[in-house]
Amino acid sequence: MIEHDMACTVCTYALNAIDDDGTITYEHPVAPTSGDHDPAPVPAYQLAHVFRRCHLCSANPPVWMYRTPQIEALSQGGTRPVMETYSTQWNVCCRCAALIEQDDHRTLTDASIAVMRWRRTDPRAQILAVLHRAIVLMREPRRTLLTTGDWSPAPLKASTLPKVRDRLTGLLRGPIGLPSPIDHAEPRRLIADGLDQARLYWIDPEFTTLVAEVLADLPNTHITDRIAPGGSGLLAWSTPLDRRHRIAAACWTPRPDGWQIVCYRSLGLDLPPTIMETVRHEIGWLVPIHVEHVRKDLTVNGDHPLAALVASWLIIAQQLTHDEPTPVDPPIRKAYTRAHRPPPEVRLVRIKPATSRPSLPPMIEGDRTRSGRAKPDHRYWVSAHERNQAYGPGRSLRKKIDIDPFLKGPQDTPIKPSTTVRVLGTARRRRAENDNSTAADS
């Protein structure tokens, strides 16, 4: 999951997250105890480049993680024996995984030494052959799907969203391992059941661009029933959002005290057709990268993984959009009919076109509003606040109501460039310092 996606600031290698009964530590891949420095973990998105390659061939982005017991190799050449200790976690690309599943360690080694341009007689190639044989023969039977690779995004079309959803529920109900905390029977079942009932939303390119532009400046927003659509839903954007996490879709399922929300990344790979067909059958198009049980009134801002979804909800709740049914690919519709399932429906969500306004009286034409204030020349977020609402006889009474964040400004104006600089954890530290100082004063 993205919260455990760390890289080493010294060597920029993506680190292995080792989960020891809930305690997470980070190790260098392949040979964690060797090298000239200890792991210096930081969130991977903070580095301009992260080295993510298959641990076996070093050529392709990894998709699967295999586990083995601790592997040690003793080299007796030179003046004294050298013991090399290897990892227990091996991140492997689809090509190498296909060979592992066939127990073909010889071809696996041949492919790897071809990338390294080593001869078969090279001592390094012979060591690699022994290591590959150990991995293939000693691997645990269940492999785990990685969710934090540097894959190209897969195109998600509105007409294929029902098929994307069905592959995703198949992944959740299937035997493939998923990263913690989602890799337990109960959360997997609950998410899959919610997806079965989910309304399907596809966000068009214009709306997606708007969300991308306002995402970083999203003010503190409480997730409430006012902004969350009713029922379960699966929402996919036309292109991935959030430069840090490249979120392509999200789903939500109501719970008695809130929602279960999962964010997904799309999986696009440059693979031979036969391997790609297997990937689409086993995995599909979406992989979960963040799961959260959201209680009502959770506060989210532009730094939160749920920011893209919350920003989309706010814009929809502000009624800046309209949705309409869009046709589904005929083969998908026929497959639903054969399975005696209700015909799938996808709602295409678009930004409402700008409406032509009647000419205003001279006193409010030009660059000013009725109140005399200058008209904004851009759009920007207005933070959540309270408002006194008039009601009762002659609207003489007042009551406080909560106003959720909303975008302000004419629809045909640009988004105000972001000037927000957020420091992760600052608010939490300040709250802790204030609590400590209060306790000390008392």
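A residue counts as buried when its relative accessible area is under 20%, as exposed when that area is over 50%, and as partly exposed in between, using a 1.4 Å probe and protein chains only. Keep that in mind for strand 13, which is mostly covered: eight of its nine residues are buried. The model you are looking at is predicted, so local features need a pLDDT of at least 70 and side-chain atom pairs count only at pLDDT 80 or more, while totals for chains, interfaces and linings use all residues. Residues are numbered from 1 along each chain as its sequence is written, and side-chain values use heavy atoms, with hydrogens and water left out.

Helices (H or I, at least four residues) and strands (E, at least two) are DSSP runs, numbered from the N terminus. Strands of a sheet pair through backbone hydrogen bonds, in either a parallel or an antiparallel way. Here, two strands are said to pair if DSSP finds at least two bridges between them. Seven strands make up this open sheet, in the order 15-14-13-12-10-18-17, and their pairing is mixed. At its edges are strand 15 (286-295) and strand 17 (321-326), each pairing on one side only. On average, neighbouring strands of the sheet are turned by 25 degrees against each other, direction ignored. (Axes are lines fitted to C-alpha atoms, for helices over the stretch in contact, and angles run from 0 to 180 degrees between N-to-C directions.)

Now follow strand 13 to its partners. Strand 12 runs antiparallel to strand 13, and five bridges join them; in one place, Ala236 has Ala249 in strand 13 as its bridge partner. These two strands form a hairpin with five residues between them, and Asp242 in the turn has a positive phi of about 70 degrees. With strand 14, strand 13 pairs in the antiparallel sense over seven bridges, and the bridge partner of Thr253 in strand 14 is Gln260. A hairpin of two residues joins strand 13 to strand 14.

Thr326 is buried, with a relative accessible area of 19%. Contact means heavy atoms within 4.5 Å. Leaving aside neighbours within four places in sequence, Thr326 is in contact with Ala158, Val346 and Leu348.

Which helix lies across this sheet? Helix 8 lies across strand 12 (233-241), strand 13, strand 14 (258-266), strand 17 and strand 18, and runs at about 110 degrees to strand 12. Rings of Phe, Tyr and Trp (its six-membered ring) pair if their centres lie within 6.5 Å; planes under 30 degrees apart count as stacked, over 60 as edge-to-face and the rest as tilted. A search of the whole structure finds four aromatic pairs. In one of them, the rings of Tyr13 and Phe51 have centres 4.7 Å apart and planes at 40 degrees, so the pair is tilted. Tyr13 lies in the loop between strand 1 (6-8) and strand 2 (16-20), and Phe51 in the loop between strand 4 (41-43) and strand 5, 38 residues apart. Tyr13 is partly exposed at 36% relative accessibility, and Phe51 is partly exposed at 30%.

Another pair is that of Trp252 and Trp313: their ring centres are 5.2 Å apart and their planes are at 85 degrees, so the pair is edge-to-face. This pair links strand 13 (residues 247-255), which holds Trp252, with helix 8 (residues 307-317), which holds Trp313, 61 residues apart. Trp252 and Trp313 are both buried. Ring pairs link Tyr201, Trp252 and Trp313 into a cluster.

Finally, visit the other sheet, an open one of three strands in the order 8-5-9 with antiparallel pairing. Its edge strands are strand 8 (89-92) and strand 9 (144-145), each pairing on one side only. Strand 5 (residues 64-67) pairs with strand 8 over four bridges, with Val92 in strand 8 as the bridge partner of Trp64. Helix 1 (residues 94-101) lies across strand 5 and strand 8, at about 40 degrees to strand 5.
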